[in-house]
Amino acid sequence: MVRQRGKVVEAMKPETYLSRVSKTISKFKLVEEGDVIFVALSGGGDSASALFTLKSFVDQKDVDCELKGFHIDLGFPSGKTLDVVKGQTDLVGVELVTVSTKELGVSFPDVVKKTSRPVCSVCGVLKRYVMNKIPREMGANKIATGHHMDDFLVFFFKNVISQNFFWISKFKPKLESSHPKMLCRIRPLFFVGGKETRDFCESMGIPFVERESCPHTSLDCYTDLNRAKWYETLYQIEKKHKNFRCQMARSIVKMNKFFAVEASRVVECPLCGEPTNQETCSFCRLFKGVK
Ligand SMILES: [Zn+2]
């Protein structure tokens, strides 16, 4: 899709990719001595690359910290994702922690049937909740995700268009915790894009699953489909303006302080005790049927 008429975006060598990610980790202090970092692995290449690059940084700089892979099994029927995630953690020699919706005592299909909320939004609530709660309970102080430069550029433009300026303040490689129960979130791929990440995985022999068909939507995850259209737009601009994406990402990091309004008060949900900025957290409202 992004390869129309030959090379659209200049290829990045694996060593350049690794060096750029390593500089991000170093400059923004994503990894510090004593950290326990869980890397959220979906099975896709982005999160696998986040794990690979973090592990490479920790080994190279000999940082005394613990890295673990973390996978949420959403119970999709294909079943191969778990094997791929296992392959990703085996490749770099870290432990894999998995948690299934069954173990969490929630039924995704039941909730989807009951709510008028789009399925992708329900999925997002579940992932964000579990990704913060379980690693924290297992001793983590940080959670790493595979969100990359293109993701943040898309978030940025969408938020500008919808005038949700507050969210722009969160677009940075390291999002500090805003509550004792909220993990610090790190994004090592903040200055590399989706195409570069895919190329990197392929050249390093990192296993990953292609976008998985979601059984709850008719074909693919709508969130992914919508994002794909945006990616294409970004790559079209970059065709005419070299380094557009990277320059934009750098600008966003510098401008996000202008959007940092008074942070909303984070409290503990009265039902589950997890941090929320609402009276009852989104997870309890959706999955525990509390209004
Ligand atoms: Zn709750």
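**Entry 1: contacts and overall counts**

I began with contacts in the chain (heavy atoms within 4.5 Å): among those between residues at least 6 apart in sequence, 75% join residues at least 24 apart. The model is predicted, so I note that local features need pLDDT of at least 70 and side-chain atom pairs count only at pLDDT 80 or more, while totals for chains, interfaces and linings use all residues. Residues are numbered from 1 along each chain as its sequence is written, and side-chain values use heavy atoms, with hydrogens and water left out.

I then looked up burial (buried is under 20% relative accessible area, exposed over 50%, partly exposed in between, with a 1.4 Å probe and protein chains only). Of the chain's 291 residues, 48% count as buried. The chain exposes about 15,200 Å², and 52% of that comes from carbon and sulfur atoms. These areas come from the Shrake-Rupley method with a 1.4 Å probe; for residues, only the protein chains shown count as cover.

I listed 12 helices and eight strands. They are DSSP runs numbered from the N terminus, helices being H or I of at least four residues and strands E of at least two.

**Entry 2: the sheet**

I traced an open sheet of six strands with mixed pairing, in the order β3-β2-β1-β4-β6-β5. Its edge strands are β3 and β5 (174–175), each of which pairs on one side only. Two strands pair if DSSP finds at least two bridges between them.

I went to β1 (residues 36–40) and β2, which run parallel and are joined by five bridges. I37 has L67 as its bridge partner in β2. From β1 the chain passes through helix α2 (residues 45–61) to β2 in a right-handed β-α-β crossover. Right-handed here means that, with the strands pointing away from the viewer, the path from the first strand over the helix to the second runs clockwise.

Six bridges pair β2 with β3 (residues 95–100) in the parallel sense, and D73 has S100 as its partner in β3.

**Entry 3: the zinc ion**

I found the zinc ion coordinated by the SG atoms of C269, C272, C281 and C284, at 2.2 to 2.3 Å. The donor residues are spaced C-x2-C-x8-C-x2-C in sequence. C269 lies in the loop between β7 (267–268) and β8 (275–276) and C284 in helix α12 (residues 282–287), 15 residues apart. Both C269 and C284 are buried.

I recorded donors as N, O and S atoms within 2.8 Å of the metal (3.2 Å for Na, K and Ca); water is not among the atoms, so sites may look incomplete. The four donor atoms subtend angles of 106 to 113° around the zinc ion, which makes the arrangement tetrahedral. For four donors, that label requires all angles to lie between 85 and 135 degrees.

Conventions
Tetrahedral: all angles 85-135°; square planar, octahedral: opposite > 155°, others 65-115°.
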